Amino acid sequence: MRLAARPLHILVTADAVGGVWSYAMALCRGLLARRMQVTLAVLGPAPGAAQRLEAAALPGLRLLETGLPLDWMAPDAAAVQESGRRLAALVRESGADLLHLNSPALAAGNRFPVPVLAFCHSCLASWWAAVKPGPLPAAYAWHRDLLAQGYHAADLLAAPSAAFATATQALYGLPERPRLVHNGIPPWAVPHAPAALPFAFTAGRLWDEGKDVATLDAAAAELPFPLLAAGPVAGPGGARVALRHLQGRGSLDRAAMQGILAQRPLFASAARYEPFGLAVLEAAQAGCPLVLSDIPTFREIWGGAADYVPPGDAAGFAAALRRLAASPRLRRARAEAARLRAARYTAEAMVAATLGLYRALVPASQAMEAPA
């Protein structure tokens, strides 16, 4: 009997709280387009209605709402390890060939029946080092230690930027640097509908101190034009930010985001901690000039295609935004530079690089044949 390769079955974990959802959607879309079987296991808070519709629009995607806690929302290490054990059972039940783990702490102390690719999207210890003064408090040490165990237990690690990969290796004493797989998004069909007057825009988890919305809020007080902010001001753990000078727009769906980005506002991010920055990529793809905090990740990803301001420098952000607003010619040049740079970070490139890691873990000759 002639044998033919059967589709690789990937179980991907995700959450519905932040950028990992967008990352997972782009990845799953690319895998399904290559005729792979994909199961998406969601941990943490349940997906919202719009997220469920987005997942339902991907033919062949199996969506599992596990109800398991995210590692950074779990009460203790035992709860995370129990989630890992239940996830291992799901892997066995699904018949998956590989586990793509976007919460690497779940690998700590657990044995999975298939190879594990763990993606280092972010972590509490590196967030704390970038955002807070002083060392990580002892009360949070278990988060760091559990993640270290997870990193060492995974068969292969990957990260969305070289800067974050290097920081992760140093912070956790890894024998090798995680493999680099830049994030990517599908092209946005954003029409060009420039605003009559310049304005600025930022987007993301506004409640997250790592985004440093407070700096942009102070900068907005010095601007003669509005600085709009899209995203939630309250987080699932009780974190909250007050907007005094920024004009909040709440959490926007894709169409509403496109409507704002189509006007090509000046896009600002004052983030002190950003392993990649999908919101920046969306703005750049739409042709928005970029004003970013001068952190290693942004320098790596955007090179000379953005204007940079030292982290926490509200006056510097206000000056950079005023300078761009005052010169239509400069705005056009910076917008084009951002758009061209964004072309490097496509969903196609991200999926292709990820598939290379899958093939390294699951050779074609291994458990991938079925009767033709």
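Glu-274 and Lys-211 are both buried, a class that covers residues under 20% relative accessible area, with exposed meaning over 50% and partly exposed the range in between (1.4 Å probe, protein chains only). Their side chains meet in a salt bridge, 2.8 Å from N to O, the term standing for a side-chain nitrogen of Lys or Arg within 4 Å of a carboxyl oxygen of Asp or Glu. This pair links distant parts of the chain, 63 residues apart, with Glu-274 in the loop between β12 (266–269) and α9 (278–285) and Lys-211 in the loop between β9 (200–203) and α7 (213–220); helices (H or I, at least four residues) and strands (E, at least two) are DSSP runs numbered from the N terminus.

The model is predicted, with local features needing pLDDT of at least 70 and side-chain atom pairs counting only at pLDDT 80 or more, while totals for chains, interfaces and linings use all residues. Residues are numbered from 1 along each chain as its sequence is written, and side-chain values use heavy atoms, leaving out hydrogens and water.

The whole structure holds 11 salt bridges, including these:

| Pair | Closest N and O atoms |
|---|---|
| Arg-34 and Glu-348 | 2.5 Å |
| Asp-294 and Arg-299 | 2.8 Å |

Arg-34 counts as partly exposed because its relative accessibility is 28%, whereas Glu-348, at 51%, is exposed.
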